[in-house]
Amino acid sequence: MRDADELKTIFQKSELSYPSGDMGHVVLKRIKAHNKMKKRQQFYLLLGKIGFGVTIVLFIFYAILVTGIEKESHFSGVYALTASAMILITIAIQLEFMPKSNNIKS
Amino acid sequence: MDDLYIRRVLNGDVEAYGYLVNQHQQLAMRTAMSMIKNEKDAQDIVQNSFVQAYTSLSKYRQESKFSTWLCKIIINKSLNFIRSRKPLMLEDHEIADDILVTQNEAIVNLDKEDLSRILKNALLRISAKEALTLQLYYLEEYSIEEIESLTDFTRSNIKVLLHRGRKNLQHILNHTSHVL
């Protein structure tokens, strides 16, 4: 195994190193850009969920107006609508800020 | 020490990741260069690998060292790069079958910079798999079992690559030393 020993000596002695540029700075910059993009995505996702909830509420309101159920119902339509809106928005926010496992805090 | 910085990163300290990058960038570059053979492409792969390691850091189980885990990412990315662009680079080939490879003391006695330059050039000329296996075994001092888990090469494959890589590298180094 003389060849193997000699090769090991050559590798160890050479201390192979390659220019890596400003690797630390570049990688951190990319990571920060990635985190910023992720936060923006989460924000738009939350807006989307709230918007979806509001849309559902408006649809219910429209349905109540068109069908006139409010006049026959014991409860005021306004109270029902407000309750629906609050429930939907609360669910959307809860889903967004629910603690997720295996995520890096940012 | 790596574990301490990993915990800090997982707690939201992005700057702490800079320590991990600085500690392991040379290992990362050597691993990528052994396969990619081009500094610019290797730097891109290493940067991408560090970013992927960051985004997947929560999945890192501390059963193996961070450097080993990072190496696996780099090797996978390098293999994908090679397969997509230069599939022939993965081919193993014997440079010389019938040439008697003799030990030459001139190479070993060179100074560090000359030796490094010659070795880098020699590694460029052997196949990616051979260069990777030699570098992991002789320079990073991984065992055959560790190389098996890093690369998904079989044990017998690794031994063949080591044997063939040694032979090819020695042949190139001997030719170089005759020119010096």
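**Close-up 1. Surroundings of B:Ala32 in the predicted model.** Leaving aside residues up to four places away in sequence, B:Ala32 touches B:Ala42, B:Ile45, B:Val46, B:Ile74 and B:Ser78.

**Close-up 2. Crossing of H2(B) and H4(B).** The axes of H2(B) and helix H4 (residues 66-85) of chain B come within 9 Å and cross at roughly 35°, and the crossing in which H2(B) passes H4(B) is right-handed. On the side of H2(B), the residues in the contact are B:Leu20, B:His24, B:Leu27, B:Ala28, B:Thr31, B:Ala32, B:Met35 and B:Ile36. These meet B:Phe66, B:Ser67, B:Leu70, B:Cys71, B:Ile74, B:Ile75, B:Ser78, B:Phe81 and B:Ile82 in H4(B). Sorted by class, the residues of the contact of H2(B) with H4(B) comprise 13 nonpolar and four polar residues, with no charged residue among them.

**Close-up 3. Crossing of H1(B) and H2(B).** Here the helix axes come within 8 Å and cross at roughly 140°, and the crossing of H1(B) and H2(B) is left-handed. H1(B) contributes B:Asp2, B:Tyr5, B:Arg8 and B:Val9 to the contact, while H2(B) contributes B:Ala16, B:Tyr17, B:Tyr19 and B:Leu20. In the contact of H1(B) with H2(B) there are six nonpolar and two charged residues, and no polar ones.

**Close-up 4. B:Leu10 and B:Ser58.** B:Leu10 lies in helix H1 of chain B. Although B:Leu10 and B:Ser58 are 48 residues apart in sequence, their C-alpha atoms are 7.0 Å apart in space. B:Leu10 has 16 other C-beta atoms within 10 Å and is therefore partly exposed.

**Close-up 5. Two domains of chain B and the contact between them.** Chain B, whose secondary structure comes to nine helices and zero strands, is divided into domain 1 (2-88) and domain 2 (91-179). The contact takes twelve residues from domain 1 of chain B and twelve residues from domain 2 of chain B. On the side of domain 1 that touches domain 2 of chain B, H2 and H4 of chain B each supply at least two residues, and the residues of that side divide into six nonpolar, three polar and three charged. For chain B as a whole, 37% of the 180 residues count as buried, and, among contacts between residues at least 6 apart in sequence, 72% join residues at least 24 apart.

**Close-up 6. Contact between chain A and chain B.** The contact takes 40 residues from chain B and 32 residues from chain A. Helices of chain B that each supply at least two residues of the side touching chain A include helix H1 (2-10), helix H2 (16-36), helix H3 (39-55) and helix H9 (155-179). H2(B) gives the most to this side, with nine residues. By class, the side of chain B that touches chain A has 20 nonpolar, 13 polar and seven charged residues.

**Close-up 7. Positive phi at A:Glu15 and at B:Lys37.** In chain A, the phi of A:Glu15 is near 45°, a positive value in a residue other than glycine. A:Glu15 is found in the loop between helix H1 (2-14) and helix H2 (23-67) of chain A, and A:Glu15 counts as partly exposed because 13 C-beta neighbours lie inside 10 Å. In chain B, the phi of B:Lys37 is near 65°, again a positive value in a residue other than glycine, and B:Lys37 is found in the loop between H2 and H3 of chain B. B:Lys37 has 19 other C-beta atoms within 10 Å, whereas a residue is buried if 20 or more lie within that distance, so B:Lys37 is partly exposed.

Conventions: Residues numbered from 1 in each chain as written. Chains lettered and ligands numbered in written order. Predicted model: local features only at pLDDT ≥ 70, side-chain atom pairs only at ≥ 80, totals over all residues. Contact = placed C-beta atoms within 7 Å. Helix = DSSP H or I, 4+ residues; strand = E, 2+ residues; numbered from the N terminus. Nonpolar A, V, L, I, M, F, W, Y, C, P; charged D, E, K, R; others polar. Axes fitted to C-alpha atoms, helices over the stretch in contact; angles between N-to-C directions. Left-handed = near helix turned anticlockwise from the far one by under 90°. Domains from an automatic or database assignment. Buried ≥ 20, exposed ≤ 12 C-beta atoms within 10 Å, placed from the backbone.
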